[in-house]
Amino acid sequence: MDFSFQDLSGTFSVADIAIAMSLSFVLSAMIGWVYRATHRNVSYSQSYVQTLVILGMLISLIMLVVGSNIARAFALVGALSVVRFRNAIKETRDVGFIFLVMGVGMAVGTRFYLLAVVAAVAISLIIMIMNRFNWFQLNVRRQVVKVQVPSDEDYTHAVQDVLVRHTDEFELVSMESIRAGALTELMYTVRIKKGSEPADLIAGLRERNHGQSVTVLTGYDQSDL
């Protein structure tokens with residue numbers, strides 16, 4: 001019985017490994033800094049950015065292992081198919097950064113070094129420009145209005161009459177029964193008219209809902225709703 005084994009590490013040199021690991025680390029770290037610099041919401045995660053760097057280097061390693069061997073590629077797909085990720089991605093933008101570091105890692109691992117550098121730098125510059133000049137921003141400020149009304153009657157039309165007077169547009173988002181069915185909470189998104197204040201809207205609604213709670217949340221972008 002032959003117990004000999006063959007080391008396939010000779011298919012790539014030490015220089016190839018050093019270049020792939022170093023370049024994937026530098027480019028992935030640059031993408032991580034771009035993500036950090038352009039992140040605006042409160043959901044920033046240091047762990048996520050570190051994962052981007054690790055993922056870029058890991059993809060480079062995988063591509064070195066796979067090379068042009070079809071059998072290894074299918075074996076890798078089968079091995080990775082059993083992996084399940086439980087953490088939900090908080091923003092669709094985060095998915096783009098994951099694919100970016102994966103693409104850069106694949107380019108480095110297959111020794112397309114110039115492609116990896118040019119793509120990483122070009123896409124990072126585009127991200128920085130879009131962030132700097134607020135591309136595709138919808139500059140519409142909205143408010144959220146929560147009104148509690150007694151459940152024994154339909155107060156929807158009375159509330160909407162007040163909204164017509166004080167807002168340019170409004171939309172009913174939800175209707176919820178609270179306090180064991182004694183009250184109904186209506187939630188609207190609205191655009192308050194120029195010259196009208198949230199206090200005026202609150203006063204008008206309280207006249208119609210018999211003094212029940214009225215809440216106006218200001219400072220929301222339409223994209224946040």
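Arg111 sits in the loop between α4 and α5 (113–132). Helices here are DSSP runs of H or I with at least four residues, strands are runs of E with at least two, and both are numbered from the N terminus. The model is predicted: local features need pLDDT of at least 70, side-chain atom pairs count only at pLDDT 80 or more, and totals for chains, interfaces and linings use all residues. Residue numbers start from 1 along each chain as its sequence is written, and side-chain values use heavy atoms, with hydrogens and water left out.

**Backbone in the loops**

Arg111 is not a glycine, yet its phi is positive, at about 70 degrees. Most residues other than glycine have a negative phi. Arg111 is partly exposed because its relative accessible area is 37%. The class limits are these: buried is under 20% relative accessible area, exposed is over 50%, and partly exposed is in between, with a 1.4 Å probe and protein chains only.

Asn134 also has a positive phi without being a glycine, at about 55 degrees. Asn134 belongs to the loop between α5 and β1 (141–150). Its relative accessibility is 30%, so Asn134 counts as partly exposed.

**Overall layout**

The protein has seven helices and four strands. Along the sequence they run α-α-α-α-α-β-α-β-β-α-β. Of the 225 residues, 32% are buried. Contact means heavy atoms within 4.5 Å. Among contacts with a separation of 6 or more, 75% join residues 24 or more positions apart.

**Helix packing around α4**

Which helices pack against α4? Helix α2 (residues 46–66) packs on helix α4 (residues 92–109), and helix α1 (residues 14–38) packs on α4. Axes are lines fitted to C-alpha atoms, for helices over the stretch in contact, and angles run from 0 to 180 degrees between N-to-C directions.

The α2–α4 angle is about 30 degrees, with axes 7 Å apart. α2 is therefore roughly parallel to α4. Angles under 35 degrees count as roughly parallel, over 145 as roughly antiparallel, 65 to 115 as roughly perpendicular and the rest as oblique. The crossing of α2 past α4 is right-handed. A crossing is right-handed if the near helix is turned clockwise from the far one by less than a right angle, and left-handed if anticlockwise.

On the α2 side, the contact includes Tyr48, Leu52, Leu55 and Ile59. On the α4 side, Phe97, Ile98, Val101 and Met102 are among the residues involved. By class, the α2–α4 contact has 13 nonpolar, four polar and one charged residue. Ala, Val, Leu, Ile, Met, Phe, Trp, Tyr, Cys and Pro count as nonpolar, Asp, Glu, Lys and Arg as charged, and the others, Gly among them, as polar.

α1 and α4 meet at about 165 degrees, with axes 9 Å apart. α1 is therefore roughly antiparallel to α4. This crossing of α1 and α4 is right-handed. From α1 the contact includes Leu23, Leu27, Ile31 and Tyr35. From α4 it includes Arg93, Asp94, Phe97 and Val101. The α1–α4 contact divides into eleven nonpolar, two polar and two charged residues.

**Aromatic pairs**

How many aromatic pairs does a search of the whole structure find? It finds five. Rings of Phe, Tyr and Trp (its six-membered ring) pair if their centres lie within 6.5 Å; planes under 30 degrees apart count as stacked, over 60 as edge-to-face and the rest as tilted. Two edge-to-face pairs are tabulated.

| Pair | Centre to centre | Angle between planes |
|---|---|---|
| Trp135–Phe136 | 6.1 Å | 85 degrees |
| Phe170–Tyr188 | 6.0 Å | 75 degrees |

Trp135 is partly exposed, at 46% relative accessible area. Phe136 is exposed, at 74%.

The Phe170–Tyr188 pair links distant parts of the chain. Phe170 is in strand β2 (residues 167–178) and Tyr188 in strand β3 (residues 183–192), 18 residues apart. Phe170 is partly exposed, at 29%. Tyr188 is buried, at 0%.

Ring pairs also join Tyr35, Tyr44, Tyr48 and Phe97 into a cluster.

Gly181 lies in the loop between β2 and β3. With 34% relative accessibility, Gly181 is partly exposed. Gly181 and Ser151 are 30 residues apart in sequence, and their C-alpha atoms are 6.8 Å apart.

Asp200 is part of helix α7 (residues 198–208). Asp200 is partly exposed, at 37% relative accessibility. Asp200 and Val162 are 38 residues apart along the chain, with 9.9 Å between their C-alpha atoms.
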